[in-house]
Amino acid sequence: MTGPNMTVRGLERWTDTDAFAEYRLDRGHQTVDAVIRRTKRVLRGQGRPGEREKVRQFIKRHKRQSAGQRKYGSPPVSAHTAALRNWGYDPTGRFS
């Protein structure tokens, strides 16, 4: 089953990076913050069934897509990777 591979601590480490800060500014802090809150609830096992399914479906759908051109931070992170990390899935395993 496709689902998150990050821990709450891994998600917090990701949100402490420059790449996350740039992505958050570019995509809108309210939207990104809402995703982070939802993902933390799901990772803690406190998410409602609909939230868990939403996270699982996002990860499943976006894992099949290719990374885009836009890069954030140093070392550069694609918007695709940043979005997946916000939803609790780290394709590189760095924050898992």
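1. Start with the rings: Trp14, Phe20 and Phe95 make up one aromatic cluster. Keep in mind as you look around that this is a predicted model.

2. How many aromatic pairs are there? The count comes to four. One of them is Trp14 with Phe20, an edge-to-face pair with 5.8 Å from centre to centre and 75 degrees between the planes. Both partners are tucked away: Trp14 is buried, and Phe20 is buried too.

3. Now for Trp14 and Phe95. Why is this pair edge-to-face?

4. Trp14 belongs to helix 1 (residues 8-15), while Phe95 is in the segment after helix 5 (79-86), so their pairing ties together parts that are 81 residues apart in sequence.

5. Buried or exposed? Trp14 counts as buried because its relative accessibility is 1%, with the cut-off for buried being under 20%. Phe95, at a relative accessible area of 3%, is buried as well.

6. While you're looking at helix 5, find His80, which is located there. His80 has a relative accessible area of 13%, so this residue is buried. Which residues does His80 touch? Leaving aside residues up to four places away in sequence, His80 touches His62, Gln65, Ser66, Ala67 and Gly68.

Notes:
Residues numbered from 1 in each chain as written. Predicted model: local features only at pLDDT ≥ 70, side-chain atom pairs only at ≥ 80, totals over all residues. Heavy atoms only, no water. Phe/Tyr/Trp six-rings, centres within 6.5 Å; stacked < 30°, edge-to-face > 60°. Buried < 20%, exposed > 50% of the residue type's maximum accessible area, 1.4 Å probe, protein only. Helix = DSSP H or I, 4+ residues; strand = E, 2+ residues; numbered from the N terminus. Contact = heavy atoms within 4.5 Å.
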